[in-house]
Amino acid sequence: MTSPPDRDPGLQPERTRLAWRRTTLSSTVAAVLAAKAALHGGVTAEGIIICALCCALWLAFLTLAHHRITTLTTDSGPPPPLPPRHATAAVLCTVAVALCAAVLIY
């Protein structure tokens, strides 16, 4: 019997990097639409606060995504797993943007 070959990661790091880029683009579109919705009826204090919050959340997510993309593009072997605190921060940013969208809708 022959032993199975070593695991070949193939294009998995590339697909993961592209997924982070797509998610960043989606986050950018969501932040722009949230800012537009917040300021659509005129400039109000509530609209400015929500717009600023969405922009801050977008910048936080962009920073996390950029860090992960640069980690995935290094050619020093397989990339390390995403640290739990980065994963938690990315999820919290996503949920917070969704909550901001819900506030803007209602």
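Me: What is the relative accessibility of Glu 14, and how does Glu 14 count on that scale?
Reply: Start with the scale: buried means under 20% relative accessible area, exposed means over 50%, and partly exposed lies in between (1.4 Å probe, protein chains only). Glu 14 has 33% relative accessibility, so Glu 14 counts as partly exposed. A word on the source: this is a predicted model, where local features need pLDDT of at least 70 and side-chain atom pairs count only at pLDDT 80 or more, while totals for chains, interfaces and linings use all residues. Residues are numbered from 1 along each chain as its sequence is written, and side-chain values use heavy atoms, with hydrogens and water left out.

Me: How much of the protein chain counts as buried?
Reply: The protein chain has 106 residues, and 24% of them count as buried.

Me: How many helices and strands does the protein chain have?
Reply: Helices (H or I, at least four residues) and strands (E, at least two) are DSSP runs, numbered from the N terminus. Here there are 3 helices and 0 strands. Read from the N terminus, the order is α-α-α.

Me: At what angle do the axes of helix H1 and helix H2 cross?
Reply: Axes are lines fitted to C-alpha atoms, for helices over the stretch in contact, and angles run from 0 to 180 degrees between N-to-C directions. H1 covers residues 12-39 and H2 covers residues 45-72. Their axes come within 9 Å and cross at roughly 170°. H1 is therefore roughly antiparallel to H2. The cut-offs are under 35 degrees for roughly parallel, over 145 for roughly antiparallel, 65 to 115 for roughly perpendicular, and oblique for the rest.

Me: Which kinds of residue make up the contact of H1 with H2?
Reply: There are 16 nonpolar, 6 polar and 3 charged residues. Nonpolar covers Ala, Val, Leu, Ile, Met, Phe, Trp, Tyr, Cys and Pro; charged covers Asp, Glu, Lys and Arg; the others, Gly among them, are polar.

Me: Which residues does Ser 27 contact, leaving aside neighbours within four places in sequence?
Reply: Contact means heavy atoms within 4.5 Å. Ser 27 lies in helix H1. Its contacts are Trp 58 and Phe 61. Ser 27 is buried, because its relative accessible area is 15%.

Me: What share of the chain's contacts comes from residues 24 or more positions apart?
Reply: Take the contacts with a separation of 6 or more; residues 24 or more positions apart account for 72% of them.

Me: Where is the salt bridge of Arg 17?
Reply: Side chains of opposite charge can pair when their charged atoms come close. A salt bridge is a side-chain nitrogen of Lys or Arg within 4 Å of a carboxyl oxygen of Asp or Glu. The whole structure has 1 salt bridge. Arg 17 forms a salt bridge with Glu 14, with 2.5 Å between the closest N and O atoms. Both residues are in helix H1, 3 residues apart, about one turn of the helix. Arg 17 is buried at 16%, whereas Glu 14 is partly exposed.

Me: How many disulfides does the structure hold?
Reply: A disulfide is a pair of cysteine sulfur atoms within 2.5 Å. The structure holds 0 disulfides. Take Cys 55: the nearest cysteine sulfur, that of Cys 51, is 4.5 Å away. Cys 55 is partly exposed, at 34%.
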